[in-house]
Amino acid sequence: MSEVIESLAYEGGTVLVTALATGLVGAARRLPQLWRREGAEERMAAELERSARELAGSQAENPDIGARVAVVWETRLRDLLLTDPAALGELEQLLAEMRREHRLVSTTNTQHITASAPNSTAQGVIGGSIHNHAAPAAPPGLDAFPSSDTPV
């Protein structure tokens, strides 16, 4: 599957949920038009309304609802882009318009990394690179540097 389609579908789900959750309805309400060539515009409009109601009524009790709704729309958008590649440009324009309408509608990537074993290392990067450099040699007589939980 194309990396462009994957990325755009993910971004579309995320931006759409942010737009619906913050009450921004302008460009987001035009999203169902992307399904017009498949004859599913009305059904998608109803799904969009249902998602908006779900987000408005449930986020206080269930903070994970936004992530769940985003995955649903990501899947719908991926399926659409795979069956109708012409919708790719339209979706890009719609997302750009949603971002222009409101500053909260932007793509944010969050990464949580935990390293919990002695001498463990955790690394992660979003939109950049990691550069590893060799560790200094251990002092003579030691096989390795002691960890914080190793008695010296």
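Me: How many residues does helix H3 have, and what distance does H3 reach from its first C-alpha to its last?

Reply: The model is a predicted one. Helix H3 covers residues 65-83 and has 19 residues. At 1.5 Å a residue, a reach of 27 Å is expected, and the distance from the first C-alpha of H3 to the last is close to this, at 27 Å.

Me: Is Arg76 buried or exposed?

Reply: Arg76 is a residue of helix H3. Leaving aside residues up to four places away in sequence, Arg76 touches Trp35, Met44, Glu47, Arg50 and Ser51. Its relative accessible area is 17%, and the limit for burial is under 20%, so Arg76 is buried.

Me: Which residues are joined with Arg76 into one network of salt bridges?

Reply: Arg50 and Glu54 both belong to helix H2 and lie four residues apart, about one turn of the helix. Arg50 is partly exposed at 40% relative accessibility, whereas Glu54 is buried at 17%. Through salt bridges that share partners, Arg76 is joined into one network with Glu47, Arg50, Glu54 and Arg68.

Me: How many residues apart are Glu11 and Arg99, whose side chains meet in a salt bridge?

Reply: A search of the whole structure finds twelve salt bridges. In one of them, the side chains of Glu11 and Arg99 meet at 2.0 Å, N to O. The pair links distant parts of the chain, with Glu11 in helix H1 and Arg99 in helix H4, and the two are 88 residues apart.

Me: Which class of accessibility does Arg99 fall into, and which does Glu11?

Reply: The relative accessible area of Glu11 is 16%, and burial requires a value under 20%. Arg99 has 29% relative accessibility, which lies between that limit and the 50% above which a residue is exposed. Therefore Arg99 is partly exposed, and Glu11 is buried.

Me: Where do Arg29 and Glu49 lie in the chain?

Reply: The side chains of Arg29 and Glu49 form a salt bridge of 3.1 Å, N to O. This pair links distant parts of the chain, 20 residues apart: Arg29 is in the loop between H1 and H2, and Glu49 is in helix H2.

Me: Which element gives the largest share of the largest nonpolar core?

Reply: The largest nonpolar core has 30 residues, and those with the most contacts inside it are Leu31, Leu34, Trp35, Trp73, Leu91 and Met98. Two or more residues of this core come from each of H1, H2, H3 and H4. The largest share, eight residues, is that of H1.

Me: What is the geometry of the aromatic pair formed by Trp35 and Trp73?

Reply: The structure holds one aromatic pair. It is formed by Trp35 and Trp73, with 6.0 Å centre to centre and 70 degrees between the planes. Trp35 is in the loop between H1 and H2 and Trp73 in helix H3, 38 residues apart, and both are buried. An angle over 60 degrees is the criterion for this class, and the pair is edge-to-face.

Me: Why do the buried residues of H4 line one face of the helix, and what arc do they fall within?

Reply: The buried residues of H4 are Ala87, Leu91, Leu94, Leu95 and Met98, and they pack against H1 and H3. On the other side of H4, Gln93 and Arg100 are exposed. An α-helix has 3.6 residues a turn, so residues three or four places apart point the same way. Seen down the axis of H4, the buried residues line one face because they fall within an arc of 100 degrees.

Key:
Residues are numbered from 1 along each chain as its sequence is written. This is a predicted model: local features need pLDDT of at least 70, side-chain atom pairs count only at pLDDT 80 or more; totals for chains, interfaces and linings use all residues. Side-chain values use heavy atoms; hydrogens and water are left out. The expected span of a helix is 1.5 Å times one less than its number of residues. Buried means under 20% relative accessible area, exposed over 50%, partly exposed in between (1.4 Å probe, protein chains only). Contact means heavy atoms within 4.5 Å. A salt bridge is a side-chain nitrogen of Lys or Arg within 4 Å of a carboxyl oxygen of Asp or Glu. A nonpolar core is a set of buried Ala, Val, Leu, Ile, Met, Phe, Trp, Tyr and Cys residues joined through side-chain atoms within 4.5 Å. The arc is that of the directions from the helix axis to the C-beta atoms. Rings of Phe, Tyr and Trp (its six-membered ring) pair if their centres lie within 6.5 Å; planes under 30 degrees apart count as stacked, over 60 as edge-to-face and the rest as tilted.
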